[in-house]
Amino acid sequence: MKHRLAKSVGLSLLSPVIIGSVLGVYYALTLNTDPLTTFFQLLMSAIANAHIVGLTMAAFVVPGYLLMYKYAKVNYSGVLTLGLLGGAIFSYLLSATGGMVFLINTAMSALAAGLFLYGLRLGAIKQQPPQ
């Protein structure tokens, strides 16, 4: 259980790279500036805000999942909601009080919670014996 949980948390920390890459490609293609510079600026900005994702995973998502698991009431929408809530709270407290950065940090935390659940499901599928 602990090994699967650690792998899932590690997988969730890819969300800043994914969000930064998607935003970087979008803005590199739509703005009339140097595309490579725009891409790397947005990628580095998303990676610089990765602490929001880490704090959200440590304070909201993993404890919430373990509590749900303890009572055998794991609800995926509840885990994703914890990701959104944690991302919004930590983004407001540490990074941005409003605007697009606030929304992107919150979406990044929600994606991290989704990747966490995906990692847990992937680990559970691999552990089942063949039928």
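This is a predicted model: local features need pLDDT of at least 70, side-chain atom pairs count only at pLDDT 80 or more; totals for chains, interfaces and linings use all residues.

Numbering runs from 1 along each chain as its sequence is written, and side-chain values use heavy atoms, without hydrogens and water.

Next I checked the other side. Thr 38, Phe 39, Leu 43 and Ala 46 of α3 are buried (under 20% relative accessible area). They span an arc of only 125° around the axis, so they lie on the same side of α3 (the arc is taken from the directions from helix axis to C-beta atoms). The buried residues of α3 pack against α2 (15-30), α4 (50-70) and α6 (100-127), with contact meaning heavy atoms within 4.5 Å.

I then looked up the surface patch. Leu 14, Val 17, Ile 18, Val 22, Leu 36, Phe 40, Met 44 and Ile 47 form a nonpolar patch with about 700 Å² of accessible area together (Shrake-Rupley, 1.4 Å probe). Patch residues have over 30% relative accessible area and no salt bridge, with nonpolar side chains joined within 5 Å; a salt bridge is a Lys or Arg side-chain nitrogen within 4 Å of an Asp or Glu carboxyl oxygen. I see α3 giving the most, four residues.

Last, I checked Ile 18. Ile 18 sits in α2 and is partly exposed, at 38% relative accessible area.

Key
Buried means under 20% relative accessible area, exposed over 50%, partly exposed in between (1.4 Å probe, protein chains only). Helices (H or I, at least four residues) and strands (E, at least two) are DSSP runs, numbered from the N terminus. Patches are made of residues with over 30% relative accessible area and no salt bridge: like charges are joined within 9 Å, nonpolar side chains (Val, Leu, Ile, Met, Phe, Trp, Tyr) within 5 Å.
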